[in-house]
Amino acid sequence: VVLAVEATLTKGAPTLVYGQLGGNSRVHVASDGVHVTDEAGTDRVHIGRIGESVNAEGTITGEYGLRVVSSDGSTVIIDGTSDMYRIAATGTFTLVGPAGSSGNCVNTTMTVVVATDFTYPPHVEVSVETATNQAAVTPYWSAGLNGTISLGFTSSSRVVNTDETEIRATWFAQSDQSALTDTFRYRVLEQTAI
Amino acid sequence: MAMLLAYDVNGNVIATLDYLVHRDDQGRVIGLVDFDTYEQAGGEMTDVWTVEGATGSKVWPEWLGSRAQEFQVELDGEPGHKRAVALVHRESGERRERIAIEAAIAERIAAAGDQPADIRDIVGGPGRPLRLNDEGRTVSRRARP
């Protein structure tokens, strides 16, 4: 790798060093970037100009990014084009269950406000970390009689103070859950282009 | 680096903020917010986050995930400059002392010499909280709690 980097970083006209580096390294330098192959020779990782081609006007097209392919060579994990979510902030909180009763659905809430600098409401994901109740990831609904909701969890986000994110979780029930305390994990997800 | 705790009027931990990405003036992510440095410089953690039902927030040098909410915070220091000095397990009474954690970190760094010190087994990490047993003691990630 060092040899290739030195060659391309030399002042003046760069020397083209294409091909496989270090014998068994499985790292290949090409005109569109760096590729890593697996033992079967399948191209698994590509960093550089993804989807490079030359159009009719002779212009090289393609976007710089990262492309990662699964071991079977057919499933693209990171395609270098689709947006992704990054976790901008994460933490946990405790929420005590509501004191509902049959025919009387009540709720408890918890809000956490984080200085994310986001001026838009980001996607949030809230999941239960303790298994007292059967909810892995919100929203979770359990239907009661006559189409009513007997138990549920929801989560939402909104912008507060111009650039902060409020994460709100709600636990509601038509039964007395007030003796229960669950811990939840929240994740603030930022959509990002690659 | 550290985790943030939010606690209620009784000192019970009710929420954590394990990490928050840090951005430059252009909005580009440049790392994680260093909560500990901010607190030591006199910053209030409520500048970073607020939690419903919380009366305060402090930095803690370990990552415990949601298990942190089994503890009560002990504070010490001058008014306006208090720090969390211990977490006390609400059921077992097990104490996790900041001074012992910081001493273990310093010892590990000294032993590493010029090499980077791996302190993950001491403090855990963002997205990799320490594993605790029922009494709130750290257990090996290889062992069943």
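Me: Which elements of chain A have the lowest and the highest mean pLDDT?
Reply: Helix α1 (residues 2–9) of chain A has the lowest, 46. β8(A) has the highest, 95. pLDDT is the predictor's confidence in each residue, from 0 to 100. This is a predicted model: local features need pLDDT of at least 70, side-chain atom pairs count only at pLDDT 80 or more, and totals for chains, interfaces and linings use all residues. Residues are numbered from 1 along each chain as its sequence is written, chains are lettered from A and ligands numbered from 1 in the order written, and side-chain values use heavy atoms, without hydrogens and water.

Me: Why is α1 of chain A called a helix?
Reply: Helices are DSSP runs of H or I, at least four residues, while strands are runs of E, at least two, numbered from the N terminus. Still, pLDDT stays under 50 over residues 1–10 of chain A.

Me: How do the chains score as a whole?
Reply: Chain A has a mean pLDDT of 82, with 84% of its residues at 70 or more. For chain B the mean is 92, and 97% of its residues reach 70 or more. The complex gets an ipTM of 0.88 and a pTM of 0.79 from the predictor.

Me: What makes A:R185 and B:D18 a salt bridge?
Reply: The rule wants a side-chain nitrogen of Lys or Arg within 4 Å of a carboxyl oxygen of Asp or Glu. Here N to O is 2.9 Å, so the pair qualifies. The interface of chain A and chain B has two salt bridges by this rule.

Me: Which strands of chain A supply the side that touches chain B?
Reply: β7 (84–96), β8 (106–114) and β13 (181–192) each supply at least two residues. β7(A) gives the most, with nine. In all, the contact (heavy atoms within 4.5 Å) takes 24 residues from chain A and 20 residues from chain B.

Me: How much area do chain A and chain B bury between them?
Reply: About 1700 Å², 44% of it on carbon and sulfur atoms. Buried area is the accessible area (1.4 Å probe) that two parts lose on being put together, summed over both.

Me: How do you know that β8(A) and β4 of chain B pair?
Reply: Pairing needs at least two DSSP bridges between two strands. β8(A) and β4 (residues 49–51) of chain B have three, so they pair, in the antiparallel sense. A:V114 stands opposite B:W49 there.

Me: How many bridges join β4(A) and β5(A)?
Reply: Eight, again in the antiparallel sense. A:R49 stands opposite A:Y64. This hairpin has five residues between its strands, and A:G58 takes a positive phi near 85 degrees.
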